[in-house]
Amino acid sequence: MNEVLKAIGERFTCRDFCSEALSAEQINALVTAALASPSAMNLQPWHIVVVTDAAFIDELDAAAMEHVKKDAEWHKRMMERGGKVFYNAPCIIFIAQDGSEAAPLDCGIVSQNIALAAHSMGLGSVICGMARIPLSGDSGAGFLERLQFPEGYSFGMSVCVGKIKSGKAPHEIDANKVTYIR
């Protein structure tokens with residue numbers, strides 16, 4: 001089978017990472033995959049911020065979990081998954097967007113490139129929109145300053161990446177989600 005199609009079919013959302021740091025080579029490969037993403041009119045409305053500072057990730061995680069505690073069902077679900085929004089990932093790749101019309105879609109494409117690249121390298125990933133939570137809370141302005149998004153950019157998406165501690169099977173394919181018009 002084609003290696004790209006195989007990676008797409010085998011990739012799963014990892015929610016249990018080892019704390020071991022990624023190598024510089026692994027991070028560079030993920031960043032290269034992100035920057036190779038297609039975008040509308042090749043405007044590339046993104047800026048990539050790679051966070052590997054464990055203390056900073058823990059601060060972001062704690063702020064996000066404070067927000068999650070406000071919803072009992074959501075909090076219960078997160079606690080069943082280990083009580084961490086970022087699942088102990090040693091690397092979070094933030095994708096900031098410039099606010100242009102195509103930016104949200106283009107940032108989604110970047111996140112998928114990162115996730116597939118991670119899988120192809122034997123790493124786990126989770127595309128994580130919940131990273132927006134600490135950026136909009138009480139500490140949001142300080143976190144945004146530390147993330148160094150360029151002027152006029154905001155959170156688009158993030159991808160948590162790391163070595164897989166425990167995994168699962170990819171989600172089931174649902175052919176009922178397709179309509180063919182011939």
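A salt bridge, as the term is used today, is a side-chain nitrogen of Lys or Arg within 4 Å of a carboxyl oxygen of Asp or Glu. The structure before you holds five of them.

Good morning, colleagues. This is a predicted model, in which local features need pLDDT of at least 70 and side-chain atom pairs count only at pLDDT 80 or more, while totals for chains, interfaces and linings use all residues. Residues are numbered from 1 along each chain as its sequence is written, and side-chain values use heavy atoms, with hydrogens and water left out.

Let me begin with the sheet. Helices (H or I, at least four residues) and strands (E, at least two) are DSSP runs, numbered from the N terminus, and two strands pair if DSSP finds at least two bridges between them. Four strands form an open, antiparallel sheet in the order β1-β2-β4-β3. Because β1 (46-51) and β3 (124-127) stand at the edges with a single partner strand each, one side of each has no neighbour in the sheet. Neighbouring strands are turned by 20° against each other on average, direction ignored; axes here are lines fitted to C-alpha atoms, for helices over the stretch in contact, and angles run from 0 to 180 degrees between N-to-C directions. Helix α2 (residues 24-35) packs on this sheet and touches β1, β2 and β4 (154-162), contact meaning heavy atoms within 4.5 Å. The direction of α2 makes about 165° with that of β1. Between β1 and β2 (residues 91-97) there are six bridges, and V49 has F94 as its bridge partner in β2.

I return now to the salt bridges. Which residue does K163 pair with? Its partner is E20, with the closest N and O atoms 2.5 Å apart. This pair links distant parts of the chain, since K163 lies in the segment after β4 and E20 in the loop between α1 and α2, 143 residues apart.

A second salt bridge joins K84 and D58 at 3.8 Å, N to O. Here K84 belongs to the loop between α4 (72-80) and β2, and D58 to helix α3, 26 residues away.

A third, between E80 and K76, has an N to O distance of 4.0 Å. Both residues lie in helix α4, four residues apart, about one turn of the helix. Is E80 buried or exposed? E80 counts as exposed because its relative accessibility is 60%, whereas K76, at 46%, counts as partly exposed. Buried means under 20% relative accessible area, exposed over 50%, and partly exposed in between (1.4 Å probe, protein chains only).

Thank you for your attention.
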